[in-house]
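Me: Hi! I'm new to this one, could you walk me through it?
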Amino acid sequence: MNSTSNQIYPVVWQDGKVLLIDQTRLPGEYSHVAINRSSDMAQAIKTMIVRGAPAIGVAAAYGMYLGATEIEECDRTKFIQHLEQVANLLRQTRPTAVNLFWAIARMLKTAHEEIGTIAEIKSTLLKTAQEIQAEDLATCQAIGDSGLSILPTTPKKLRILTHCNAGSLATAGYGTALGVVRSAWREQRLERVYADETRPRLQGAKLTAWECVQENIPVTVITDSMAAHCMQRKMIDLVVVGADRIAANGDAANKIGTYALAIAAKAHQIPFYVAAPFSTIDFDLANGSQILIEERDATEIAQIGDTAICAEGVEFYNPAFDVTPANLISAIITEKGVIEPASLIDYRSAVA
Ligand code: MRU
């Protein structure tokens, strides 16, 4: 996978290092950060140079490989012990998106199962990271296409509202929620995307809008607090968002503000869809109350740029995600088809 086509790839393996699009600099600057150490990969995930659940899974997989190349042990048991330490470092970066833990577990399993030399384990780990990346790209394209089946049958082109960025930048490429948007656009079923700005990190305003502009998809940015108003004014036909972790009962964690959006959609009888790969489903969690919600630094809400916006002495609460209960979700759009949240549990054996 390389960066020469006009598709957006947030993670690229090139010449023995990982190139990450620096998502903290978009849309003003399109640049890459070269990563060749596992600790630098952990830092890039933490600081959101790379973000979005599937993308951090892919990045962590490469982080595991980079970590493996740093281990000089010739003894297999000691090698695996060191690799477990790399896994721990990467696991400590962001707690909510299960794709991160899923990818690390798959890399560890690969190392355990490879019976060859240490050099062979290392090369199998690189192959597995590349497979995780290629599979996610194909999965997102499948999600986009299965999403076509939920589009209301109306001669009118559709207005789709989305939150945060669940696009190419948040995945190996193509996107989940934005994958559905891309497929709708390709089939000439889309009038326009409404992109919630997404306080406080502004992934909607900075990233989703940028992605749409790259492909000439008409996009209107609104602040999060304008979404209900737009629904009331009949400006929105459906909502499609991504997810960071979906519990077995269909409750879905996604960027903070998603839950409010789902409530508003329900109040206006607007369908509300979650688009996500199976790697985002955590069948070990019975419901969304068990999902660990990341809390990020107060500066994300206390400041605009470098300027403090509140009086000194104010306290802040900055959860990065919230959980939308399954009963507010019309369906989950996956690579295996469109699934009602209550039926998700039937698919448990498909991923075991
Ligand atoms: O904090 P972020 O930017 O990593 O949060 C991203 C989201 O909430 C996305 O909607 C989610 O990861 C799905 S990405 C396909």
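Me: How far is the sulfur of cysteine 164 from the closest cysteine sulfur?
Reply: The two are 13 Å apart, the closest one being in cysteine 212, and that is too far for a bond. A disulfide here is a pair of cysteine sulfur atoms within 2.5 Å. Before we go on: this is a predicted model, where local features need pLDDT of at least 70, side-chain atom pairs count only at pLDDT 80 or more, and totals for chains, interfaces and linings use all residues. Residues are numbered from 1 along each chain as its sequence is written, and side-chain values use heavy atoms, with hydrogens and water left out.
Me: And what about the sulfur of cysteine 230?
Reply: The closest cysteine sulfur is again in cysteine 212, 16 Å away, so that is too far for a bond as well. The structure holds zero disulfides.
Me: Is cysteine 164 buried or exposed?
Reply: Cysteine 164 is buried, at 7% relative accessibility, and cysteine 230 is buried too, at 4%. Buried means under 20% relative accessible area, exposed over 50%, and partly exposed in between, with a 1.4 Å probe and protein chains only.
Me: New topic: how is the chain divided?
Reply: There is a domain 1 (11–141) and a domain 2 (144–351), with bounds from an automatic or database domain assignment. Their C-alpha centres lie 25 Å apart.
Me: How many residues of each are in contact?
Reply: 29 residues of domain 1 touch 34 residues of domain 2, where contact means heavy atoms within 4.5 Å.
Me: Where does the second largest pocket lie?
Reply: The second largest pocket lies between domain 1 and domain 2, because both give residues to its lining. A pocket is an open set of points on a 1 Å grid over the protein atoms alone, where a 1.4 Å probe fits, with protein on both sides within 12 Å along at least five of seven lines; lining residues have an atom within 4 Å of a point.
Me: Which residues lie nearest its centre?
Reply: Pro200, Arg201, Leu202, Lys206 and Glu300 do, out of 19 lining residues. Helix 7 gives the most to this lining, with three residues. Helices are DSSP runs of H or I with at least four residues, and strands are E runs of at least two, numbered from the N terminus.
Me: Last one: where is alanine 311?
Reply: Alanine 311 sits in the loop between strand 13 (307–308) and strand 14 (321–324). Alanine 311 is exposed, with a relative accessible area of 53%.
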